[in-house]
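Here is a walk through one model, strand by strand and charge by charge. Have the structure open while you read.

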Amino acid sequence: MITEIYEFNTSETAVYTERSERQLATIYEPQPGLFLAESPKVIGRALAAGYEPQSFLVEKELLLSAAEKHFAGGTGENADSPAAEAAQILDARPDVPVYVANFGLLSKITGFQFTGGFLSAMKRRPLPAAGEITKNARRIVVLEHVMNPTNVGAIMRSAAAFGMDAVLLTEGSADPLYRRAARVSMGTVFQVPWTFVKDVEEVRALGFSTAAMALRENAKSIDDPALKAEKKLAVLMGSEETGLKKETIDAADHVVCIPMKNGVDSLNVAAAAALACWELC
């Protein structure tokens, strides 16, 4: 059912404007809450991964363009355009309420310029156990207090692109389902298995050798054969400001660095993770 709205004055539409992402995540406690997915591509990948939409919020012009694509059969040189992707989503889920509004109203939503004119309130799922998603894994990434959603999203994208089997995040890291994280990942947060763990010790208990990315004199180069020889390896990445905790580095099986030139000693955590995923996979 399509409903045109002129203000956000119902509980169904207020989820897009009146609650923070943290509040949405806990709205149904103790059951999983909601998250907001934005842009046709991200929403499409969430649906493909089995996430259930509660509602869609669509810019009126995009809906009209999607309707044109629907009647045209979604073919032509712009078949992968946002309008065509939106048409495919709406055609596939006619059971989901669709709220439509003009650009003026939707532009009041923070960050609307990044949504591609299409948002969805989607139902979270219970987080899997770390042991469940790493049972057959050989290479995983572990994020210790990586708090910036942009970095988390970029790391998830690299993990997907280079074939990492899972991503584990310690408490205090940004939620991969936050809007910015999912958007930056281009929806790959719905393709790479991930969950939260209490700390890095949980990772060691799963049978992984650990490689701490850190600046130390005894650090191995990222291309050291000893790393590739490990049957089960967890690459540990630390927070944006301070890196990994000292005790985490001290307990690691390997301390690893990326060789650099021109006096540069470190990279942004997302860039470093991309290089580590490429080399160690």
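Which residues point one way from strand 2, and which the other way? Leu34, Leu36 and Glu38 are on one side, Phe35 and Ala37 are on the other, and all are buried. One thing to keep in mind from here on: this is a predicted model.

Strand 2 covers residues 34-38, and five of its five residues are buried, so call it mostly covered.

Strand 2 runs antiparallel to strand 5 (residues 118-123), and five bridges join the two. If you want a spot to check by eye, look at Glu38, which sits opposite Leu119 of strand 5. Glu38 turns up again below, among the salt bridges.

Seven strands make it up, in the order 8-7-6-11-9-12-10, and the pairing is parallel. Strand 8 (194-197) and strand 10 (220-221) are the edge strands; each has a single partner strand, so one side of each has no neighbour in the sheet.

Strand 12 is a handy place to look at the pairing. Two bridges tie strand 10 to strand 12, with the strands parallel, and Lys220 has Val256 in strand 12 as its bridge partner. Strand 9 (residues 209-213) also runs parallel to strand 12, through three bridges. There, Ala211 has His254 of strand 12 as its bridge partner.

## Salt bridges

How many salt bridges does a search of the whole structure find? The count is 11. In general, side chains of opposite charge can pair when their charged atoms come close.

Take Glu4 and Lys60: their closest N and O atoms are 3.2 Å apart, which gives a salt bridge. This pair links distant parts of the chain, with Glu4 in strand 1 (residues 2-4) and Lys60 in helix 4 (residues 60-71), 56 residues apart. Glu4 is partly exposed because its relative accessible area is 32%, and Lys60 is partly exposed too, at 34%.

Arg93 has a salt bridge to Glu52, at 3.1 Å from N to O. Arg93 lies in the loop between helix 5 (82-92) and strand 4 (98-101), while Glu52 lies in the loop between helix 3 (40-48) and strand 3 (53-59), so the pair ties together parts that are 41 residues apart in sequence. Arg93 also forms a salt bridge with Asp95, where the closest N and O atoms are 2.9 Å apart.

Buried or exposed: what do the relative accessible areas say about this trio? Arg93 counts as buried because its value is 18%. Glu52, at 36%, is partly exposed, and Asp95 is exposed at 53%. Elsewhere, salt bridges that share partners join Glu38, Arg179 and Arg183 into one network.

## Asp175 in its loop

Asp175 sits in the loop between strand 7 (166-170) and helix 9 (179-184). Asp175 counts as buried because its relative accessibility is 10%.

## Surface patches

Which residues gather in a patch of negative charge on the surface? They are Glu171, Asp199, Glu201 and Glu202. Glu202 belongs to helix 10 (residues 200-205), and Glu202 counts as partly exposed because its relative accessibility is 33%.

There is a nonpolar patch to look at too. Val264, Leu267 and Leu275 make it, with about 230 Å² of surface. Val264 is in the loop between strand 12 (254-257) and helix 13 (269-280), and its relative accessible area of 42% is why Val264 counts as partly exposed.

Note on methods:
Residues are numbered from 1 along each chain as its sequence is written. This is a predicted model: local features need pLDDT of at least 70, side-chain atom pairs count only at pLDDT 80 or more; totals for chains, interfaces and linings use all residues. Side-chain values use heavy atoms; hydrogens and water are left out. Patches are made of residues with over 30% relative accessible area and no salt bridge: like charges are joined within 9 Å, nonpolar side chains (Val, Leu, Ile, Met, Phe, Trp, Tyr) within 5 Å. Accessible areas come from the Shrake-Rupley method with a 1.4 Å probe; for residues, only the protein chains shown count as cover. A salt bridge is a side-chain nitrogen of Lys or Arg within 4 Å of a carboxyl oxygen of Asp or Glu. Lys and Arg count as positive and Asp and Glu as negative; His and the chain ends are not counted. The place of a charge is taken as NZ of Lys, CZ of Arg, CG of Asp or CD of Glu. Helices (H or I, at least four residues) and strands (E, at least two) are DSSP runs, numbered from the N terminus. Buried means under 20% relative accessible area, exposed over 50%, partly exposed in between (1.4 Å probe, protein chains only). Two strands pair if DSSP finds at least two bridges between them.
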